[in-house]
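I opened this model to look up a few backbone details and loop positions. My notes follow.

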Amino acid sequence: MNDCLIIGGGAIGLSLAYELAGHGVFVELIDKHQVGHEASWAGAGLLPPASILGAIEPQEKLRALSHQLHEQWAKQLLEDTGVDNQYERCGGVYIARKPGEAASLISAVHQWREEQVQVDSISSQQLAQQIPQLLPESIHTELRSAYFLPDEAIVRNPRHLQALTAGCLKRGVKITEQTEAIRFKLNGNQAISLETNQGEIKAGMFCLAAGSWTQQISDLLYQSIGDKTFIKTPEIEPIRGQILLYHTGERLLPYPINEGPRYIIPRQDGHLLIGSTVEEVGFDKSTTTEAFDELREFACSLLPCLAELEPQRIWAGLRPASLDRLPYIGQVPGTTNVFMSSGHYRSGLHLSPGSAVTLGRVMRGVDPEFDLKPFRLDRG
Ligand SMILES: Cc1cc2nc3c(=O)[nH]c(=O)nc-3n(C[C@H](O)[C@H](O)[C@H](O)COP(=O)(O)OP(=O)(O)OC[C@H]3O[C@@H](n4cnc5c(N)ncnc54)[C@H](O)[C@@H]3O)c2cc1C
C-alpha cells in the first residue's frame, strides 16, 4: 500500500511528491490526463523576489522560503536528472508609464523594502543602455518610474516539470496518468482508498492537488463522507491567462520587464513570452483574437522591433484561484488523513517548492516552520 496518494500532477502535486519521496515516503501520483500539461505548463515562470530576512506574515514566509528553495531545487534536479530547468537569477525591471500604475508601483516598492527585498531605482538612460531595443519615446517621454530588482528569477516551466517528473521517478514515485478520481472509500473520517477509472488505489494519506479542478475532487470526498453540512467546501475558481510567444533569434532581453499585470520574459534560446490576461470565463482554455491583439500591442509599445515579427503562437491556461487568492494548504476538515495544496492563483509555480516542503512536514507529523492559519481550508 502507498504511504500517500497525490491527486494531480502539476507543479504543486509533483513538487510535493518529490519532497515526500526524498524523505522516504512511498508516493503514488495520479493525473486524469498527462502530468505537467495544465496551468503549470502554461505559466510564465516568473519568480518575483522575496527575502527571508524581512518576511513576517506567513504568506511572506511561504514566498521567501519558496524563492530560496527554487535555486536549491534547480541544482538538485539537475544533479538528480540531468534536466536543466533554466533557472536564472537574472533580476527584473518594473516600469510604469501611466499615473495609476506609477502609484501601484510605489506601494509595491514600499512593500518590497519592508520585506528587505533589494530595490534599486533605475534611470531611463540606464534602462536604454541595458536594453537598446526599447522604444526611445516609451522610455524617455512616457516613463514615470522604473526599478530594478536584482533578486527576481525565472524558470522555464516545461523544463521544470520535466525535471520534477524525472526527479520523482528517480526517487521511486509511481506516476499513473490517464487516471481519474471517481469515489473515495472511508472508514469513519479516515479515507481508505480512491476508486478511479483504472481501479482502486489504497493509501495511508491522500493529497488533493488538482489545480483548478481541486474543488471537484473535494466535492467527491464530501459526497463520500455523507451529510456534513457544517463543513465548508473550499472554493476554487479557474482564472484564464493567455500568453503570446515570439522567437527573436538571439536573446533580446537580459531580464524580464514588468508593467502592471503585463510582462515580457526572455528565454535563453531567443523566445519571448508576452503575458498575460486575467479572465473569469470558467473552464474555457480557448485563446482569443482580443488577447492576441492586446498582448501584441503591449509588446510592440516597448519593443518596436517585434512589429516586424509574427508571433509564433498563443496559449491559455487556467489558474486555480481561491476567493481570497491565498492558497489552501493543510488538512481537509472532517477527515483525519486527507490534505490539500491548491488555489495558488498567479504564484503557483513560485510557491510550489515552499508549499511542498511545508505541507510535506505536516503530512510527516513534523511542525511546519511557520503558522499555516492563513492557508486553512475552513477560513471564513
Ligand atoms: C498564463 C499564466 C501565467 C502564469 N504565470 C505564472 C508565473 O509567472 N509565476 C507563477 O508562480 N505562477 C504563474 N502562473 C500560475 C501557475 O501556473 C499556477 O498557479 C500553478 O501552475 C498551479 O499549479 P497546480 O499544480 O495547482 O495546477 P495545474 O498545473 O493545473 O495541475 C493540476 C493537475 O491536476 C490534474 N487533474 C485535474 N483533475 C483531476 C482529476 N479529477 N484526477 C486526477 N488529476 C486531475 C490536471 O490534469 C493537472 O495536471 C501562471 C498561470 C497562467 C495560466
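I call a residue buried if 20 or more other C-beta atoms lie within 10 Å of its own, exposed if 12 or fewer, and partly exposed in between, with C-beta atoms placed from the backbone. I am working on a predicted model, in which local features need pLDDT of at least 70, side-chain atom pairs count only at pLDDT 80 or more, and totals for chains, interfaces and linings use all residues. I number residues from 1 along each chain as its sequence is written.

Entry on Arg-325. I found a positive phi near 70° here, in a residue other than glycine. Arg-325 counts as partly exposed because 13 other C-beta atoms lie within 10 Å. I placed Arg-325 in the loop between strand 16 (313–322) and strand 17 (328–331). Helices (H or I, at least four residues) and strands (E, at least two) are DSSP runs, numbered from the N terminus.

Entry on Gln-86. Phi is positive again, about 60°, and Gln-86 is not a glycine. I located Gln-86 in the loop that runs between helix 3 (58–81) and strand 4 (92–96). Is Gln-86 buried, exposed or partly exposed? I noted it as partly exposed, because it has 18 C-beta neighbours inside 10 Å.

Entry on Ser-276. I checked the peptide bond from Gly-275 to Ser-276 and found it cis, with omega near -25°. Ser-276 lies in the loop between strand 15 (271–275) and helix 9 (289–302).

Entry on Ile-131. I found Ile-131 in the loop between helix 5 (124–130) and helix 6 (136–142). With 17 other C-beta atoms within 10 Å, Ile-131 is partly exposed.
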